[in-house]
Amino acid sequence: MADLTTDFLGISSPNPFWLASAPPTDKEYNVRRAFEAGWGGVVWKTLGSEGPPVVNVNGPRYGAIYGADRRLLGLNNIELITDRPLEVNLEEMARVKADYPDRALIASIMVPCEEEAWKAILPRVAETGADGIELNFGCPHGMSERGMGSAVGQVPEYIEMVTRWCKRYYDRPVIVKLTPNITDIRKPAAAAKNGGADAVSLINTINSITSVDLDTFSPEPSIDGKGSHGGYCGPAVKPIALSMVSEIARNETTRGLPISGIGGVTTWRDAAEFISLGCGNVQVCTAAMTYGFKIIDELTAGLSEWMDKKGYSQVSDFVGRAVPNVTDWQYLNLNYVAKAKIDQDQCIKCGRCYAACEDTSHQAISISADRVFEVKDEECVACNLCVDVCPVEGCITMVPMAAGEVDPRTGDVVQPGYANWTTHPNNPMAKAAE
Amino acid sequence: MAQGQMAPGIVSGRLSSDELTSNFSDLHPPLAPHEAAVAADRCYFCYDAPCVTACPTDIDIPLFIRQIQAGQPQSAGRTILEQNILGGMCARVCPTETLCEEACVREAAEGKPVEIGRLQRYATDEVMVTGKHPFDRATPTGKTVAVIGAGPAGLACAHRLAMFGHDVVIHEARPKPGGLNEYGIAAYKSTNNFAQAEVDWLLKIGGIAIETGSVLGETISLDGLLENYDAVFLSIGLTGVNALRTSGADKEGVRHAVDFISDVRQAADLAHLPVGRNVVVIGGGMTAVDAAVKSKLLGAEHVTIAYRRGRDAMGASRYEQDLAASHGVRIMANVQPVAIHGNGAAAEIELEYTSSRDGQLVGTGETIRIPADQVLKAIGQSLDGAPEDLSLDGNKIAVSGAGRTSMPGVWAGGDCAAGGDDLTVTAVAEGRDAALDIHAMLNS
């Protein structure tokens, strides 16, 4: 049986599933429920400076988009950092950590970009016994208008500066949480590293408007007829998060920097994917907000079962295993030729592959009078759209051609070996292999 | 005080009014908005969808379901009604299990088709509840068409002609329009007087007059109609009933199932409608199932369907057979009636087992007698009262193309015309298509 115990920056947790700093971790009651349910760690809802706490809106804080059967695919939120007094949060954190010493407890912090502000709060956080801190440079709504959150995360120099202050005034691990609302994620990650960060966590939420009310013409979520962009999260953002994580994992200047993966983790499989792209653990929010804390049972059991099947005894065994396979487009093997293949026994004859291919792709699928759908190898470019739109998983597959076979589309013999864009004869700009 | 199921003979009031009301409530209650949303989300929006091919009226089913998904059920209803003006009734009575839903790819995938029939009802109800008619009549053309019979084919034909601006007079023999929608269809499929409500709604297009008590061959003649109208559409249905050639078939308590069903549909108070304690229905089609189930719902103690061939050969779909069985109707296959016994009134029916030999149905000689104080004959209807000058194809009016009969200026459709299944939806398609053909002729 695989051991899910995870050591991230020296912080031990019984499994790699932490709850992200968000509404589910706003107070002792929720966090105790999470730990009782089996979560490995919690990043407490972001703390602000001492004094009157922030005030949230009193209307809808969330908007959503759905898939079929109203399955929640994306969530948008405009909630600010904790709106409870700092003192109350710190007291609760200390109590919870004392009662659950085996779980990770991280304090998320967002205070103004002034050294004194950080210097003031860090010792008080340290007193709670929290295992580390996460700097919230990510939230794109509300707080960013006050020069915090993503307003910091969008300026690498600020990231580096604040991280440096934190390393100066705090002696436990410092994680920098990055905003995806930038052009190149490698820059803020490098800044965090330069400032001495022990790790980065990403992604925070993405600027978003979930919908527009077509009667009032107000964006959703709507507060008295007006809407403001919120932070987008949930299954829909996972691909963006995976890409950003991979960029940091394979970038020369940030390679090896520990990463806590965030963004649409919903099942054990998502978590395994984040970890394989270089994350030491993952943080979850939307899935818990959608289904409750009990999903941790599936997350842990699923990851454990997969690891057993693959022969991984601990999570670190497969951290980053996919990173070497992330490359630039120009290095993809142009000698690789595949063709779509439809399993007629599994086909339910809906014809979506035909409509997609005929209308929007390469006219490579035929339909017979009795609705038998077949791939025309001489037209198929293996684009995968038919696989993507087929309702039956596994019915259409991409089958690679063997070297020596003739591709009926091009009439060319499939070549053995590897030839990418930089060397391929198809490219007039190709350079001779060195 | 209810008489109870065991009261002997053919009596009314076997069940209390409450029980009757409950028994004759909607077989398939309408979908609530949430249910409709969940059901609609299951549609895959297939290419050249098999469900459309399977629909006799070619309703664009993926489109109307997508319109429900997209939050516009009234537009969905219009999509349906453009092809099938009686889409509301068809949603209730179509044997979807052998039409669109049988063809649904999710039937192949999971054995659970998209609930097309119930979604169609949801969408058409959304249109009808507005009280507004969704189509506009074109500028009147001054052309006139006589439609004979106000059943599904006649109504569909009349509506389409009226949309084109022609003036239509429907001649109907019975006191009320609707045809089998009003007099024939199972009561538990068309509740709350839906058939009449649908006719009233359909007539809002304008340009259609209905003359009831107008009987072809009695009060009106084809020659006379041809003199007074630019075209004639015959949708006279099958009003003849096949005879049961069995000794004792003239005994009291033996009657046609269609008459029994009509009585149920027209009953002001079901508690006053008599039904036997031991009812035997002869036949294997939808009429047999409807009559048997209605007998059971009225409180008959034992109801048996006696069918001369195997169950696979029954005209009623497997779904309808299961519906009957679930109501406690016993289905006896491979038996044929040889005698009805009783002193004046039926008391027992004698059935002979049958087998098939070289494709021929033969009696085995072994018989069984079961109690039968009421025997309902559901052995088929036939064409009756068709004008003599028209060519026939078998026992029905011969048609070519879109319902053209052998006589110029005369079209026919619905059950009286050759070809197609005897279904409401087929009749609607034939009436609609004949109207298009008539319109083309009138414009030429």
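Trainee: Which exposed residues does the face of α2(A) turned away from its buried side carry?

Mentor: E87(A), A98(A) and D99(A). The model is predicted: local features need pLDDT of at least 70, side-chain atom pairs count only at pLDDT 80 or more, and totals for chains, interfaces and linings use all residues. Residues are numbered from 1 along each chain as its sequence is written, while chains are lettered from A and ligands numbered from 1 in the order in which they are written.

Trainee: Which residues of α2(A) are buried?

Mentor: N89(A), L90(A), M93(A), V96(A) and K97(A). They cover an arc of only 135° around the axis, so they sit on the same side of α2(A). That arc is taken over directions from the helix axis to the C-beta atoms.

Trainee: What covers the buried residues of α2(A)?

Mentor: The cover includes α1 (28–37), β4 (41–47), β7 (104–109) and α3 (115–127) of chain A. Helices (H or I, at least four residues) and strands (E, at least two) are DSSP runs, numbered from the N terminus.

Trainee: Now chain B. How many helices and strands are there?

Mentor: Chain B has 17 helices and 17 strands. Of its 444 residues, 48% count as buried.

Trainee: Into which domains is chain B divided?

Mentor: Domain 1 (33–128), domain 2 (144–239 + 381–443) and domain 3 (243–377). The bounds come from an automatic or database domain assignment. In chain B, the centres of domain 1 and domain 3, taken over C-alpha atoms, are 34 Å apart.

Technical notes. Buried ≥ 20, exposed ≤ 12 C-beta atoms within 10 Å, placed from the backbone. Contact = placed C-beta atoms within 7 Å.
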